[in-house]
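Grab a pencil and let's work through some charged pairs together. Each exercise comes with a solution you can follow step by step.

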Amino acid sequence: MPNYFSEVELSCHCGCGANKFDPHTLDRCNALREAMGIPLYMTSGYRCPRHNLLVSDTGEDGPHTFGRAGDFSVSGLLALKLIIVAKELGFTGFGLKQHGANRFVHLDDLPDYYNRPRPWIWTYNL
């Protein structure tokens, strides 16, 4: 299967350029792109712990810091379709920002464990 996501999409955006995106999660993201049948743009892939601390309330150890999360620029009907297909492909975390500018859907494939039960869905108040 081809890789549909660029190094820029997968790497940290703080300027450090680190890319520790998990290969299995990347395979899942590529399968998602195939199943959707349309281009998908990942606005945030891997984040170094320092950057994640600045931009997320998950602190230094959120799903992006494990390379197991991506934020996808979609809205409306495409956001709903993305969530349905992602769930079928094994994604377990679904974050929604569907108001104002910069609408996106966060997807991750973290396992179920005591402080992060899965599957899980939440909204952002950004």
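**Exercise 1: a pair around β4**

Arg-118 and Asp-108 form a salt bridge, with their closest N and O atoms 2.4 Å apart. (A salt bridge is a side-chain nitrogen of Lys or Arg within 4 Å of a carboxyl oxygen of Asp or Glu.) Before we go on: this is a predicted model, where local features need pLDDT of at least 70, side-chain atom pairs count only at pLDDT 80 or more, and totals for chains, interfaces and linings use all residues. Residues are numbered from 1 along each chain as its sequence is written, and side-chain values use heavy atoms, leaving out hydrogens and water.

Task: Work out where Arg-118 and Asp-108 sit in the chain.

Step 1. Arg-118 is in the loop between β4 and β5, while Asp-108 is in strand β4, 10 residues apart. (Helices, H or I with at least four residues, and strands, E with at least two, are DSSP runs numbered from the N terminus.)

Step 2. Arg-118 is buried at 13% relative accessible area, and Asp-108 is buried at 0%. (Buried means under 20%, exposed over 50%, partly exposed in between, with a 1.4 Å probe and protein chains only.)

**Exercise 2: Arg-47's partner**

Task: Find which residue forms a salt bridge with Arg-47.

Step 1. The partner is Asp-71, with the closest N and O atoms 3.2 Å apart.

Step 2. Arg-47 lies in the loop between β1 (42-44) and α3 (49-55) and Asp-71 in strand β2 (residues 69-72), so the pair ties together parts 24 residues apart in sequence.

Step 3. Both Arg-47 and Asp-71 are buried.
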